[in-house]
Number of protein chains: 4
Amino acid sequence: MSESESVEVTGHLMDTGILSRILDDIREYGGDYVIDRFDVGHEAADTSRATITVSAEDDDSLQRLLMRLQTRGVNQVDPGEVGVAPCEQDGVFPDGFYSTTNLVTRIRMGGRWFPVENPEMDCGLIIDFDDDRRPVRVYTLPMADVRSGMNVVVGADGIRVEVPVTEKREGAFGFMESDVSSEKPQAVLVRQVAEGMRDAKAAGKKVLWVGGPGVVHTGAAPAMVALVHAGFVDVLFAGNALATHDIEAALYGTSLGVDLAMGRGVEHGHEHHIRALNTIRKEGSIRAAVESGTLTGGIMHALVTHGREFVLVGSVRDDGPLPDVYTDVIDGQRAMRAKLTDVGFCLMVATMLHSVATGNILPASVPLVCVDINPATVTKLSDRGSSQARGIVTDVGLFLEQLAVELVPGYRS
Amino acid sequence: MSESESVEVTGHLMDTGILSRILDDIREYGGDYVIDRFDVGHEAADTSRATITVSAEDDDSLQRLLMRLQTRGVNQVDPGEVGVAPCEQDGVFPDGFYSTTNLVTRIRMGGRWFPVENPEMDCGLIIDFDDDRRPVRVYTLPMADVRSGMNVVVGADGIRVEVPVTEKREGAFGFMESDVSSEKPQAVLVRQVAEGMRDAKAAGKKVLWVGGPGVVHTGAAPAMVALVHAGFVDVLFAGNALATHDIEAALYGTSLGVDLAMGRGVEHGHEHHIRALNTIRKEGSIRAAVESGTLTGGIMHALVTHGREFVLVGSVRDDGPLPDVYTDVIDGQRAMRAKLTDVGFCLMVATMLHSVATGNILPASVPLVCVDINPATVTKLSDRGSSQARGIVTDVGLFLEQLAVELVPGYRS
Amino acid sequence: MSESESVEVTGHLMDTGILSRILDDIREYGGDYVIDRFDVGHEAADTSRATITVSAEDDDSLQRLLMRLQTRGVNQVDPGEVGVAPCEQDGVFPDGFYSTTNLVTRIRMGGRWFPVENPEMDCGLIIDFDDDRRPVRVYTLPMADVRSGMNVVVGADGIRVEVPVTEKREGAFGFMESDVSSEKPQAVLVRQVAEGMRDAKAAGKKVLWVGGPGVVHTGAAPAMVALVHAGFVDVLFAGNALATHDIEAALYGTSLGVDLAMGRGVEHGHEHHIRALNTIRKEGSIRAAVESGTLTGGIMHALVTHGREFVLVGSVRDDGPLPDVYTDVIDGQRAMRAKLTDVGFCLMVATMLHSVATGNILPASVPLVCVDINPATVTKLSDRGSSQARGIVTDVGLFLEQLAVELVPGYRS
Amino acid sequence: MSESESVEVTGHLMDTGILSRILDDIREYGGDYVIDRFDVGHEAADTSRATITVSAEDDDSLQRLLMRLQTRGVNQVDPGEVGVAPCEQDGVFPDGFYSTTNLVTRIRMGGRWFPVENPEMDCGLIIDFDDDRRPVRVYTLPMADVRSGMNVVVGADGIRVEVPVTEKREGAFGFMESDVSSEKPQAVLVRQVAEGMRDAKAAGKKVLWVGGPGVVHTGAAPAMVALVHAGFVDVLFAGNALATHDIEAALYGTSLGVDLAMGRGVEHGHEHHIRALNTIRKEGSIRAAVESGTLTGGIMHALVTHGREFVLVGSVRDDGPLPDVYTDVIDGQRAMRAKLTDVGFCLMVATMLHSVATGNILPASVPLVCVDINPATVTKLSDRGSSQARGIVTDVGLFLEQLAVELVPGYRS
């Protein structure tokens, strides 16, 4: 272990098991460590602070380990200055590029700290300089969007991240911190999600929904429509399926063949589905179909009539697709990123694909709740790095019904 | 194939896929068949009728195949007369004993038909004779309860079963006929279960609940208590766990460590649990704990104060157990059987073990709904022969909450 | 019900429950029926034949019902002649377009029958005419690819489909017909999949694999590499994830942070992952990385060095992506379709997204086995219309290990 | 918080997240804490040591909190002397009884330490005194077995526990420490379980198996029989189902109707099942059926002919049951406890009920691996307090097949 660096981390370290994960990471990357100092918070409310010397076989390994540790909020004691290298090939970062976290980030240059505009994980850091080579802008950029000549941060030096201060087990989202479970008092959870949405709206922030077709299949469309009316859905990220099934239900009273009124189900009712797609394609867009009077109900109709935004991104299993769907997934990611400004709360419902996609681009500072009947969806999200994600394993239809009762005066009464 | 028999079956044969399953059974038992006649129902509402010659290698195989087919409602065209053999050893049926179905059953003796008292699957048929060897009583008896000298039906001759007439896709339970699914409009399902319970009560029948500890963990205890108060829980079958967690919650405000008021959860809170058990054991019974004022809330308290019945049967993983628990499972089965009279509706919630146990002893004529967040529980029940079982894959907590809103005036208002 | 049509269906109708599903469809579409004639197969091996008059409220509903029934192999007794209408808008079919099945299909024109080139479900049927307006080519085309001026079949007249003759419960894939189950003797299943692959190769057909990243995570990459070497992988359909994790494992000995040699796992090891992507992007393609000596092992390396084909189609959750990935999903679908010629067997492993996508475009005549530890993946495929799909719920890693032992002489010895 | 106590804990505290769980427990019990001292292990291999003052509202709450913390290996700095109270009622512990952990435990009396004989969680501690009231024996006893007049430890004073020294991420079972996952390289896991069994046998210890009927359904019976022959199954804990399905397969070549040779499955083949039960009941016992030549193959036959032990404990869903089955679950627990001596390795396969039951009574010092295709089974075990449990989510049939290949020379060759 010829290379080493002194790092530090502050927070409710033992409380949250974060130190355990840091040490795991070091071993995982073939590194070693000595804990130089550990100032423990004496009272329950105090934070702790650890100083650790981490070492690795060579500088390349060390730099990569330091980047990995930053995803946990671990910073170098003596950060130094950022290294910069030019991009030499469109869509390719220079060797040793700094791989970002989704935490609030600053970089140090010329002894001064500059904030990073839009924290997003697994990106590069780009610096725009003025003529005196002073930073005027620092921002994350996904690999596909980097262009030759851009200034890219390399190595782990000169970068600090900040973990959101979670007041453990207090406030709106303490409840779900311990783990993912289907054995939780659900009524309390519904109420707390409602509070999270109200808080976001009260703070002038947007509420982002990410949804899968299960929203329609479970009969939750009326509840979601009511929530759109009441102003609790500012943006929707979804795929072709949610929108098509919603429109199919509005046009033919079915969703993949489920007769919603009678609670009957059959197999994939391919014919309704494909015909609904053709109808909207003929109109040119969902908005056009609403304006022409072809589409008169459902979630998409409500979003259009209330001027809410939606981004539909396609997948390889799509039929059609709807004319509003981004068929290029990288274009779709860009469109989603463009709607993240001012999002203050995110609810993910019944979709693994779009939930993970949104988790990939969302800053860690946005409260995030994921609701699914399948525990794997919820677990996957946390494993992918959305550490702020809180999971609720429950029935999506009944959950949204209850949420509408909480948030929409007069709903179901 | 040296032995053969002519059998018949009537009903919505193609509609329900029943004929497909009959032919599968024949193959499964190594038999063969010729369809002699098939009178198809022309209109959608008409029933069909098939006459089939089934054959097998020897008479023993044929008899067993005929018994198997009776579980599908297939009867011999010429039933003949029942064979009877004496039980020669306690707890052991004679060779070739008739293995029962859970369908309405009659036996033929001396040219007359006698009804079987209590249809239950996988039992033997016992005949009590009067002094002239005329049947005075015919009833099912589980293997463990047969006693030397009893008259046991052997072979498949002289027996007719009747499949309940299900008006396919009509009435209260048409909705769930097609399959088990988590993608169903749940609000409709809640309403239909509520109707099923009201119908049973209106007909003077009892509503049987079978529950697991998930009822408590999901925070549904208040909803279930309200349903007990409102008269929609006549009998509860459960294990040591549901009762202990309910009592633990009542005594300490926890359930396996879940703080119900705040929605927080931790791991197995063994200490509360074991102390709650000791407390009730000291009192001598749950009823005694209610009467002494030790136990003042929860599901078990509600059942005791409203004079409702419960049967708690233990399992090998139990702590304690509570003094009311049958530790001998065969005794427990007997106690459960004794409560089945006049049951007109059965709701199974969040338990595989006790659901299967109840499915084993319940006549096919009792409407049966199984609610669980785990699809496997619901599937298992149907596979085990409870063909009338309708499954709802949903969150138990929210489901019972909604059910209480439907059935209990003023609940949550 | 003012409109009606006489239809017929032939096959092991009762055996397979197909008639039950047909009658369900009729009800689902609000239609009615009379069974005019039912010629039942007397012996077990005989086929049955039913003639049914179906009716609907109006001709539009009737036509759509007839299309739905064709997915079950139901044809009109008097097919008549196909209707044709011109496409008037790129990417939009004319009203009343015929929605295709994945069955072998013929159309009737001028009293003659013309075969459809490439059966695929949920498409339109396009006819190319010669100067005398005689059909020279009839083929399926997805909605997105139709162009103004093309001749599109409308209505259900003049079309016949053929259900593949499944010798029920005989031959290679009889084993899995009954249902999806994790409780099956797995060794037998492995052997039968091996036979299916050998049969396809012996017939000069290609073996298509559809895989998810679980192939790498479960440690099955060496087994799959051995199967590539042995010639049992002709084409691979996958996403960015399988290829990236495979390449990450080859470059860094990890897969999402799993240390494969020691069986240890951690959370999303984002840094390795994103760096592997950058490395291949720098090379320009996976093939270039193999040729430059950068990539020296793993599944993708084996495919390249053996000259096998692969189609990687992106999704909205992708990082990078690899330069070989189709980022436009509709382009990706086209690339997949182009590789389907001569496919004689399809194995889907550990992916829901790409399995459903492949099921959407694969003719029903190609044997199809889906292996996943999650029962929902397997069920979903059948529900979407891939009725030939056979599901095996098992561990992907051990399954592929056993498959390699069956198919590759000397593997693991 | 009027009552407080100084406690200490030693080990890889941050590494294993144990401190985080300790602080959670304190909060859960309504207590508070001050960390007085934290001596951190500087090198990765060093252990840490924390001294904490915990406080609670009253002494009763404090005592219970201290008991809870002992399940984490937390001891009082100044242990004091055990309190003892007499049992006054059969089957009921005195108020304030000490609730045991499954850790190695000692009690202090008269300034001397006495070891506890058989660590088991959720029991009481009984002390047998000699005539001079000096302890001659200290042992755990379940609530149901305590008798009036016995000396029971009360309160948390005078008791020390020892957490097994796990050399984190080293040795046979480091591999599975991080979590339960279906995405793990399975071949490595099989090999490591094989090593664990060989180590136990080499140390002169017994290998305990706990199995469910899935062992038979997945076709793993031949592999398990080979492992019995090879000496790797010393004791089997199971229910009526495993044994009955195994015997049914031996007698009729079926298991719940699964035709093992052909890989075909059907629904619950009730008739075979019930007839197999009757056959063994007629013989009087499984051993008698083996000796009379009635039962000639399968797992139970192998156990009998090799003189291995088995304990079958019934459940409320059982048919029959077999004559060897304990129908009283408390008797069954006693029989299981009696077989735990010298168990050096425990493998749980395909059963939640009996796995939890065994986890309840097994000391934490016995290595424990749980294999199931259902992640919930594996998770449940850890949640219930078997912290040493390592989970493998995989296909049981293929896993046991591979295990036999590893352990039995010549198997499948």
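One salt bridge to display joins Asp95(D) to Lys282(B), with 3.0 Å between the closest N and O atoms. This is a predicted model, in which local features need pLDDT of at least 70 and side-chain atom pairs count only at pLDDT 80 or more, while totals for chains, interfaces and linings use all residues. Residues are numbered from 1 along each chain as its sequence is written, chains are lettered from A and ligands numbered from 1 in the order in which they are written, and side-chain values use heavy atoms, with hydrogens and water left out.

On the side of chain B that touches chain D, select helices H1 (18-28), H2 (59-70), H7 (270-283), H10 (329-337) and H11 (353-361) of chain B, the elements that give two or more residues each. Helices (H or I, at least four residues) and strands (E, at least two) are DSSP runs, numbered from the N terminus. H7(B) supplies the largest share of that side, nine residues.

Next, colour that side of chain B by class, which gives 21 nonpolar, 19 polar and 19 charged residues. Here Ala, Val, Leu, Ile, Met, Phe, Trp, Tyr, Cys and Pro count as nonpolar, Asp, Glu, Lys and Arg as charged, and the others, Gly among them, as polar. The contact, meaning heavy atoms within 4.5 Å, takes 59 residues from chain B and 59 residues from chain D. The size of an interface is often given as the accessible area lost when the parts come together. Between chain B and chain D the buried area is about 6000 Å², with carbon and sulfur atoms giving 51% of it; this is the accessible area (1.4 Å probe) that two parts lose on being put together, summed over both.

Now move to chain C and chain A, where the contact takes 59 residues from chain C and 59 residues from chain A, and where about 6000 Å² is buried, 51% of it on carbon and sulfur atoms. Two salt bridges are counted between chain C and chain A, and Lys282(A) forms a salt bridge with Asp95(C), the closest N and O atoms lying 3.0 Å apart. On the side of chain C that touches chain A, H7(C) gives the most, with nine residues.

Then show Phe97(A) and Arg275(C): the arginine lies over the face of the ring, 4.5 Å from the ring centre. A charge sits over a ring if NZ of Lys or CZ of Arg is within 6 Å of the ring centre and within 35 degrees of the ring normal. For the other case, select Phe97(B), where the charged end of Arg275(D) sits over the ring, 4.5 Å from its centre.

Finally, look at the backbone. Most residues other than glycine have a negative phi, and most peptide bonds are trans. The peptide bond from Gly320(A) to Pro321(A) is cis, with omega near -5°, and Pro321(A) is in the loop between S16 and helix H10 (329-337) of chain A. In chain B, the bond from Gly320(B) to Pro321(B) is cis, with omega near -10°. Asp342(B), in the loop between H10 and strand S17 (343-349) of chain B, has a positive phi of about 70° although it is not a glycine.

Definitions and conventions. A salt bridge is a side-chain nitrogen of Lys or Arg within 4 Å of a carboxyl oxygen of Asp or Glu.
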